[in-house]
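Dear colleague,

Please read it with the model open beside you.

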Amino acid sequence: MSIVFRLVSVVFIVNTVFAGQILGQNRTVQDGLSRIGVTVSSLSVENLINPIGLDQSNPRFRWKINSLDKSVRSTAFELEFCTDTNFVKKGERAFHRTGKIVSPILFYRYNGPELQPYMRYFWRIRNWDQLGSVSPYSAWASFEMGKMHTSNWKGSWISDSKSIDEKALPHFRKEFTVSKKIRSARAYIAAGGLFELSMNGKRISDAWLEPTYTRYDRRLLYCTYDITGELINGNNAAGVLLGNGWYNHQSTAVWDFHKAPWRNRPTFVLDIRIEYEDGTVETIGTDRAWKTHTGPVIFSSIYTAEHYDARLEMPGWDKSGFVDTTWSNSIYRSAPAPLVTAQALHPIRRVTEIPAVSIRKFSDTVYVLDMGRNISGVSSIRLKGKPGTVVKLRHSERLYESGRTDLSNIDVHYRPQDNSDPFQTDIFILSGKGMEEFSPRFNYKGFQYVEVTASEPIELTKESVTAYFMHSDMPVTGAVSSSSPLLNKIWAATNASYLSNMFGYPTDCPQREKNGWTGDAHIASETGLFNFDGITVYEKWLQDHLDEQQPNGVFPSIIPSNGWGYEWGNGPDWTSTIAIIPWNVYQFYGDTSLLAHTYDALKRYVQYLESISPDGICYWGLGDWVPVKSQTPVEFTSTAYYYTDVVILAKAARLLGKSVDADRYTVLAEKIYDSFQRKFWNASKGIYGTGLQTELSVALHWKLVPDSLIPVVAKALANRVVADGRQIDVGLLGTKTILNALSDNGYADLAYELVSRETFPSWGWWIKNGATTLYENWPINATSDISMNHIMFGEIGAWMYKALGGIKPDETAPGFQVIRLEPNFPKKLDQFSCSYESVWGQIESAWERTGNSVRYRVTIPAGATGLLRIPAQGKTGAHFMELGSGVHQFNWKNL
C-alpha cells in the first residue's frame, strides 16, 4: 500500500491506492470555487482537421475541452451532424444526432446513418462536466467522404506507350469546358508512381511526392484535392506530370528495386468531379483522349536525383489553348493493384526553407554551399548561363579536406551501371533564356552541402541556392528546454533525424537507403509520438505491414518491400513493429483501432515465433546492431522482444474482448518468461547473461526481472556502466533500454551523466563535432555504417519527456487520461521543462533546482488527471498524489 494525496484546488484528500487503482475518490469540486464553464475546441476527424476524401465508413471524432475551473472532468457528450449548417433556420432535421452519451472519453466512432460517397458533412459537439453543466455547442467542423468504393471511379488507368527504360517523364493534358456555375469541384487521383497535378497552369497542392509509397502491386492510395477555386467558367485544362518514384525504379542498388515485381512505366487514374449549383454533376475522367508527351524532366529517380533540360520546356502545356497536335493519345492500362484506397494522412511538404550560410568559390565553374544543417529534402537554384550549359548539383553530408563534397559515407550501396546517374546529383541543362530556376519534383536527398559544377562559367552567390527541409508534415506536439545547451541540441538533432526519416513511412536514412527499416522505427516511435502527431502516418505504415505479411506470419525487415528483407534482417527484435507501434499508439491516443486492425496479423506473427521457439527461447534476429564494443547474443534480445510481443498480444486480446486468446497468450508469456530466467539469470553473480549493459537494461526495461530482483539487477547495471568508464556500451536495441532502465530504477543521475557526456562514445560527442542530426555509428570516422542522419539511436528524445519531465501514459487509462508524473532531478542539471499536446490538451512539466531545493510546476489539461510521484522528504518515503486539471506548484528540499 502507498499513500496518495488527491489535490482538488487547494484541498488535500487522503485516499488509499491498491494495484494502481484509486479508491474512495471524492469527485466533488470544492464548494465556493467560481464556475467559469467548459468550452469545446480542436475538433478532428480521423485525426485530421476538416478532411476531404475519406473512405472510412465509420470515422473517428476527437475534440478537447477547455476550462479554467480546477479539476474539471468530462462525463458525457453529444454530437450533431448535418449536411447544411442552416438546417435549423430551414426547419429541417439534423442528419444525425447521437443523443447524450455518458462517457469520460473525448472520442466517438461514428455509428449513425450510412455516410455517402462525395458528401460533405458538418458536425459539432457539446460536453457535460461532472456537475451536470453542459457546454455551448462547438463551432461547426466538417469532413467529406471520398470514393469509398472502387466502383465509383469513372476514369480509366492510362499511360503513354513507352517502356520502363524510357528516362524522360510523361506529361498528360486534357481540356474541358465549364458552362454552369460551380458549387464545388474535386480532383481524385491515384498513380503507380508519383504525380504532379495542375489546373489551368497552376500546381494545385503544396504536397510533394504524392501519393505516398505503398506495396504497389497490392495497394495504391488516391489523393483528393479541392479545385473549386482553380476552375473558371469557359475553357479549362488539366495537366498531370508522372514521376517514377519507387514504382519504376531505374537506379540500381543492392536492394534490387529495379527488379520489383510491380515495376512498370508510371500510370494514373483521375476523376475531376464537378457539382453545379443546379444540382447536376459532371465527371471528367481519364481516357485515351488525354494527350501525352515527354518533356524537360529527362530522368527522375526517387533514390538518386533528377535531370532537367530547360531547352525542352513546353510553356503553357497545362493551360487551355496549347497546341498539342504533336502529342499522342494515351493508352489504357490495367490497375497496378486490386485495392485503391484514400490517402488519409499528413502529407509530405517542403516544410522549412533554409538559406545557405556560406559559399566557397573554387573557380568560375565550381562552388560549394553550406546549408548549415543536415536535412532531408531538395535544393533549388537560380542562375543565368549560356544555352546548353550543364549544371550539376551534388549533395553531401560532409566534405573532403579540400572542401569538396564527399559522398563516400552514403553511396556505398549504390551500384550504378554507368556514369549517367551520379548519386545525389541533380543535373540542370540551361536554356539560356535569362534567369532560370530548377528544383527536383520527384526526388529527395539527405545533405548539408551542395556542390555546384558547370560546363561553362557561371556566377553564383550565397542566395543562388536554397534548401527545403522535406518530410511528412505532422503537427508539432512536444517541446523541450533546459539549462543545458548540449541537452537542447541533442533534442533538436533527434527531432531533425526523426523528421528527416518520415516520408509517409518511417525510414532509416534519407540518403543511402530511404528504406522503411522496422527496427529503427519501433525504437524511435515514442520519441516521435511525444514530439509530433504521427498517428496518421503510423496507421498507414501498419497497413503496409499487413500488405507485406506472408501467409506464415513473417514480415520483411524493410516495409514497404519489393521482396527484399524476408530472408535477412527480420526477426522479433526488428519486426516487433507489428506489436510495439500499435501498442504505443494506443498508449498515446487511447484508441484501440490500430490494435484491432493489426490484431490478426500480430497473432499470426506470434504463432510463427512460437513454432520456431519450442523451448521459449528465440534465436532469430539481427541483434544489438552497431554496438560500441560488446555484442549481446541474438537469442537474448530476440527472446526479450518475443516476450514483449506476446505480452502485448495478450493485453490486446483482453482489451478487444478475446478472452480465450488472452488466457492462451498469457500462459505463453509466462512460459517465455520462465525460459528466459532459466537460460540467462546468473543467481551467483546477480546478473543476466554476462552482465553487459544491453543485457541488464533489456531485462529491466522489458520487465523480465522479478520484482524482488529489480534492485539487484539495477545496481548491477549501474556498476557495469561505472566499470565501463561511465560511458555507454550498447547498440541499437540497448539505446532503447539503457537510459530508461537506469532512470526508472533509482539511477537517474548516472543516466544523465551518459546523456551529457561530450566524449566518445556518446550523443554529445556527435554534437561536439558539429552534428545537427543523429549518426548511425558512435565513432564519427567509422569506415562503415556512417550515415550522418539516422534515427535508430533516437530513444533519447522520448527519455527526456519520461525521465526528466516524468510524463508517462498510464496503461489503465491510456491516451493520458491519467498522466503519470515521475520526474527525476539530476544534480548536474539546473532547469528542465517540457510540454506535450496530448489528446486531452497540453501537459506541462517544469522544474528548477537551486542548490538542494527543487521548485516543480505541472499543468494538467481539462478532463485529465495527474498522478504525481512526490519525492522522499525526511522520514516520509516517496508517494503519489492525484492532481486534478489546472496548474500545480510544489517546493521540495534535500533533493
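The protein chain has 15 helices and 48 strands, where helices (H or I, at least four residues) and strands (E, at least two) are DSSP runs, numbered from the N terminus. The radius of gyration of the protein chain, taken over C-alpha atoms, is 29 Å, close to the 29 Å that the globule rule (2.2 Å times the number of residues to the power 0.38) gives for 895 residues, so the chain is as compact as a globular protein of that length. Along the principal axes, its C-alpha atoms fill a box of roughly 90 × 75 × 55 Å.

Please keep in mind that this is a predicted model, in which local features need pLDDT of at least 70 and side-chain atom pairs count only at pLDDT 80 or more, while totals for chains, interfaces and linings use all residues. Residues are numbered from 1 along each chain as its sequence is written, and side-chain values use heavy atoms, with hydrogens and water left out.

Of the 895 residues in the protein chain, 62% are buried, which is to say under 20% relative accessible area, whereas exposed is over 50% and partly exposed lies in between (1.4 Å probe, protein chains only). Helix α12 (residues 732-743) is mostly covered, with 12 of its 12 residues buried, among them Leu732, Lys736 and Ser743.

Strand β5 (residues 60-66) is joined to β9 over three bridges in the antiparallel sense, and the bridge partner of Phe61 in β9 is Tyr108.

The second largest pocket holds about 780 Å³ of space, a pocket being, on a 1 Å grid over the protein atoms alone, an open set of points where a 1.4 Å probe fits, with protein on both sides within 12 Å along at least five of seven lines. The pocket is lined by 29 residues (those with an atom within 4 Å of a point), and the closest to its centre are Glu46, Gln56, Ala342, Gln543 and His597. The elements that give two or more residues to this lining are β27 (340-342), α4 (535-548) and α7 (593-612), and the largest share, five residues, comes from α4.

With best wishes

Key: Pairing = 2+ DSSP bridges. Points joined across faces, edges and corners; volume = space filled by probe spheres on them.
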